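Here is a brief report on one protein chain. Please keep the sequence and the model in view while reading.

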Amino acid sequence: MGCQWLFAQESGESVKSLRAGFGQAAKRVKLTDLRIHDLRHIAASWPVRDGVPLEVIKELLGHSSITMTERYAHLAPQRVREAENRLGHNLCHTR
């Protein structure tokens, strides 16, 4: 029988905080400048770069407002250029 928790102690109880274990694991592999929050940043940044809509990322990360998620919008400047190009293309073809 498996454990019901994604992160569990050897006793089978749920882990209440990942911070200490994460710090120890990072140290063990010599990533002394890596913080657990960095993983959350990666979970937001990579989908933005891949073009996932901010609304989807907001839900994924559990942000209460889109304002928090919009902090990552600068990572996809090509999306703005693509939208501008489409708009320009559409304007040219409607005249």
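## Fold

The secondary structure of this predicted chain amounts to 5 helices and 0 strands. Helices here are DSSP runs of H or I with at least four residues, strands are E runs of at least two, and numbering starts at the N terminus. Along the sequence the pattern reads α-α-α-α-α.

## Basis

The model is predicted: local features need pLDDT of at least 70, side-chain atom pairs count only at pLDDT 80 or more, and totals for chains, interfaces and linings use all residues. Residues are numbered from 1 along each chain as its sequence is written, and side-chain values use heavy atoms, leaving out hydrogens and water.

## Burial and contacts

Of the chain's 95 residues, 17% are buried. Buried means under 20% relative accessible area, exposed over 50%, and partly exposed in between (1.4 Å probe, protein chains only).

Take the contacts between residues at least 6 apart in sequence: 23% of them join residues at least 24 apart. A contact means heavy atoms within 4.5 Å.

## Helix α2

Helix α2 covers residues 36–49. Its 14 residues should span 20 Å, and its end C-alpha atoms lie 21 Å apart, which agrees. The expected span is 1.5 Å times one less than the number of residues.

Asp38, Ala44, Ser45, Pro47 and Val48 are the buried residues of α2. Their cover includes α3 (54–61). Just after α2, Gly51 has a positive phi of about 90 degrees.

## Leu18

Leu18 sits in the segment before α1 (19–28). Leu18 counts as partly exposed because its relative accessibility is 36%.
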